[in-house]
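Here's a quick walk through this model, one region at a time. Keep the 3D view open as you read.

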Amino acid sequence: MERDRAGQAEAFDAIGDGYDNAFPHKEGQVAAGEWLAKSLPAASRVLDIGCGTGLPTARQLTEAGLEVVGVDLSAGMVELARRNVPDAVFHRLDIADLVPGGPHDPGRFDAVTAFFSLLMLPRREIPYALRTVRELLVPGGLFALSMVEADVDDFAIPFLGNTIRVSGYLRDDLRKVVRDAGFEIVEESSYSYAPASTDAPPEEQLFLHCRRPV
Ligand SMILES: C[S@@+](CC[C@H](N)C(=O)[O-])C[C@H]1O[C@@H](n2cnc3c(N)ncnc32)[C@H](O)[C@@H]1O
């Protein structure tokens with residue numbers, strides 16, 4: 001499938017840890033991390049897709065005794081994540097590179113997280129990315145996903161002094177895309193969220209706790 005990543009990694013390279021300052025409140029994300037931590041045995045493997053700075057998720061899961069592998073398109077984010085969470089492993093990789101059986105196959109995982117990272121893909125790639133996540137999970141494996149509720153496809157927005165392109169769905173459509181990719185949705189929550197310092201307007205964040213059926 002054709003990929004257009006123009007400007008996406010560059011934006012996050014430039015934003016760096018400014019991202020953590022702009023989005024300090026991450027209740028939904030931390031709650032999803034707690035769900036994984038209490039559901040998984042110690043030393044379970046977790047893949048964090050679009051890990052950003054490693055905060056809070058890679059650190060939270062590592063401190064909970066899980067083995068975390070993080071991937072991100074932005075070299076700057078990977079560098080920050082390595083510094084913030086030295087006990088996890090990070091790779092600079094595109095979500096689309098994580099194909100099972102491919103040259104960057106990261107192995108199989110007991111859980112996968114993708115917090116606000118699949119929204120960086122054009123819509124045509126999202127079902128494919130979700131099916132990849134499913135294949136990377138062991139049967140019964142857990143998947144924590146967050147997206148912003150919005151009916152947009154590859155839509156350019158100003159973001160912390162940069163321009164990024166984002167996609168989203170209204171919640172009924174998001175549930176359908178996730179179920180069609182082969183997941184059960186076991187819990188759902190939403191948070192109305194006004195970032196501390198960004199030119200983006202308030203947003204509705206959707207968190208889905210999912211499972212790959214056995
Ligand atoms: C909005 S940030 C979210 C970061 C982190 N998951 C969090 O919630 O704090 C999106 C992250 O996805 C990364 N990203 C964007 N496109 C990606 C892609 N195609 N593959 C992997 N990571 C990507 C960005 O570099 C950025 O770090």
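## The loop with Asp-97

Asp-97 sits in the loop that links strand E3 (89–92) to strand E4 (109–115). Keep in mind that this is a predicted model.

Ten residues separate Asp-97 from Gly-107 in sequence, and their C-alpha atoms are 12 Å apart in space.

## The sheet

Seven strands make up an open sheet, and they line up as E3-E2-E1-E4-E5-E9-E8 with mixed pairing. At the edges you'll find E3 and strand E8 (184–193), each pairing on one side only. From one strand to the next, the twist averages 15°.

Now zoom in on strand E5 (residues 137–148) and strand E9 (residues 203–211): they run antiparallel, joined by seven bridges. Phe-143 has Cys-210 in E9 standing opposite.

## The helix across it

Helix H3 (residues 27–39) lies across strand E1 (45–49), E4, E5, E8 and E9. Relative to E5, H3 runs at about 170°.

## Around the ligand

The ligand is surrounded by 18 residues, and the closest are Phe-12, Gly-50, Gly-52, Phe-115 and Met-120. By type, the shell splits into ten nonpolar, six polar and two charged residues.

Which element gives the most to this shell? That's H1, with three residues. Helix H1 (8–15) and strand E2 (67–72) each supply at least two.

Definitions and conventions. Residues are numbered from 1 along each chain as its sequence is written. This is a predicted model: local features need pLDDT of at least 70, side-chain atom pairs count only at pLDDT 80 or more; totals for chains, interfaces and linings use all residues. Helices (H or I, at least four residues) and strands (E, at least two) are DSSP runs, numbered from the N terminus. Two strands pair if DSSP finds at least two bridges between them. Axes are lines fitted to C-alpha atoms, for helices over the stretch in contact, and angles run from 0 to 180 degrees between N-to-C directions. Two residues are in contact if their C-beta atoms, placed from the backbone, lie within 7 Å. A residue is near a molecule or strand if its C-beta atom, placed from the backbone, lies within 6 Å of it. Ala, Val, Leu, Ile, Met, Phe, Trp, Tyr, Cys and Pro count as nonpolar, Asp, Glu, Lys and Arg as charged, and the others, Gly among them, as polar.
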